[in-house]
Amino acid sequence: MSPQTRRPGPLLRAVGRLLEYPIRGIHWLADARFTVPIAAGIASLGFATTLYLVFAYAPLADQLFFNQKIFYYHVAHAFMLFLAVALCGISSVMYLWRREPRSDDLALAAAELAVAFGAVVLITGSIWAKAAWDLWWVWEKRLTMSLLLWLMFVGYVLVRRFAGASAERLAAGLAIFGTAGVPLIYTMVDASDHHPQAGSNGNVATLGPEMKLVFWLSVLTFAFWFFALLISRVNSARADREIRELREHAADAGLLM
Amino acid sequence: MRAIVLFAILAATPLAVADTGSAAPGAKIDAKIDAKTLALEQTCKEALNADPKFAEHVVATINDQTAQQHIDAADHIAKNELHVIMAYAAMWIVAAGFVIFLWRRQQDLKAEIEMLRNDLAVAAKAEEDAKARADADAKAKADADAKAKAKAKVVGDAKADAKETK
């Protein structure tokens with residue numbers, strides 16, 4: 001029996017179905033006409049509200065004082081970076097497994113968002129480091145791992161742009177490799193000696209109630225913003241691919257040279 | 001004299017700190033600093049031992065100065081708006097950059113669709129022209145055949161008439 005005709009086992013099929021849900025869900029949202037305006041509208045409202053709450057409602061932190069205001073957007077961006085990387089990793093696995101173009105469209109969109117959100121995490125983190133430690137950069141574990149993760153996704157985007165015919169498969173491999181680093185970075189906060197701590201124990205759960213409210217509202221706002229950008233980019237990646245396919249069909253039919 | 005000693009102590013403190021913190025680029029400079037520091041230390045020790053009240057005054061002055069430095073640093077952190085503004089501005093600049101990137105991609109797609117539409121229109125026109133030309137050729141050929149047949153018929157009829165007349 002050839003590998004193409006071999007039927008996967010029940011466990012593998014269940015994993016495949018589970019991994020396909022986010023891809024199907026995002027494409028379903030991308031098909032809906034008003035998804036992007038609605039998500040962007042909610043995000044705009046959220047930006048206005050959270051900006052007000054960050055500066056007028058949330059109290060000053062014990063040790064970091066006013067500098068801690070960076071935390072509300074910096075960590076929210078880090079969460080979106082992890083989400084983008086996870087989506088890119090799942091889509092890449094599914095693309096390598098089933099070779100469905102829609103998985104590849106989502107992987108590309110998520111990778112570009114990972115680069116954008118990762119850039120914000122690194123820049124705002126660096127500014128926060130300057131404010132808290134008087135240093136722009138420290139080669140501590142979490143910062144170095146975050147930089148490596150970001151560089152990996154910059155590599156993904158460059159591979160997609162310049163690697164030619166097999167770019168999708170090469171980039172998918174790179175994305176899976178990069179996704180494996182996310183749990184390491186997330187758990188690195190305990191191992192990190194220098195990273196600024198969100199709460200008293202370096203845990204978001206230990207923030208005061210006002211701070212926690214503002215923080216989770218920021219995360220929600222950026223989640224809407226993230227999905228507005230993601231769906232918009234998925235749509236353009238899909239349109240790009242469809243135009244390419246149309247050209248190929250037209251060339252095959254002898255309509256175009 | 002006391003003022004000079006106090007000044008010397010305060011001046012020697014950052015000097016000693018700077019000296020221990022540096023990586024010592026030249027041994028000669030270090031030796032000079034060490035000699036100067038040692039001399040100052042000796043002068044200070046003598047002055048402090050000579051008058052315990054003066055020693056208390058020096059300690060109090062240094063404590064006050066250190067406390068003020070801490071207050072200033074805390075105040076700077078508490079009111080540090082510059083870095084917060086920089087961080088928020090960076091976030092908005094990157095967000096705006098990504099939106100502009102998306103918008104440009106959208107424009108490129110529109111241009112691509114327009115180009116494809118034009119290419120398809122040109123291809124359809126060329127095909128139509130080719131078809132029309134083929135139709136015209138076929139018609140011309142049919143006309144020529146009909147004419148030839150008619151001519152042949154006329155010639156045949158004329159020959160038949162001539163035979164009958166004979």
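Biologist: Which residues in α4(A) do Ile23(A), Ile26(A) and His27(A) in α1(A) meet?

Modeller: This is a predicted model. In it, α1(A) spans residues 10–31 and α4(A) spans residues 101–133. On the α4(A) side of the contact, the partners of Ile23(A), Ile26(A) and His27(A) are Arg102(A), Ser103(A) and Leu106(A).

Biologist: How many nonpolar, polar and charged residues does the contact of α1(A) with α4(A) have?

Modeller: The α1(A) side includes Ile23(A) and Ile26(A), and the α4(A) side includes Arg102(A). Sorted by class, the contact comes to three nonpolar, two polar and one charged residues.

Biologist: Is α1(A) roughly parallel or roughly perpendicular to α4(A)?

Modeller: The axes of these two helices lie 10 Å apart, and the helices pack at an angle of about 80°. Angles of 65 to 115 degrees count as roughly perpendicular. Therefore α1(A) and α4(A) are roughly perpendicular.

Biologist: What percentage of the contacts in chain A with a separation of 6 or more is between residues 24 or more positions apart?

Modeller: Chain A has eight helices and zero strands. Among its contacts with a separation of 6 or more, the share joining residues 24 or more positions apart is 76%.

Biologist: What percentage of the residues in chain B is buried?

Modeller: Chain B contains four helices and zero strands, in the order α-α-α-α from the N terminus. A residue is buried if 20 or more other C-beta atoms lie within 10 Å of its own. In chain A, with 257 residues, the buried part is 39%. In chain B, with 166 residues, the buried part is 4%.

How values were computed
Residues numbered from 1 in each chain as written. Chains lettered and ligands numbered in written order. Predicted model: local features only at pLDDT ≥ 70, side-chain atom pairs only at ≥ 80, totals over all residues. Buried ≥ 20, exposed ≤ 12 C-beta atoms within 10 Å, placed from the backbone. Axes fitted to C-alpha atoms, helices over the stretch in contact; angles between N-to-C directions. Parallel < 35°, antiparallel > 145°, perpendicular 65-115°, else oblique. Contact = placed C-beta atoms within 7 Å. Nonpolar A, V, L, I, M, F, W, Y, C, P; charged D, E, K, R; others polar.
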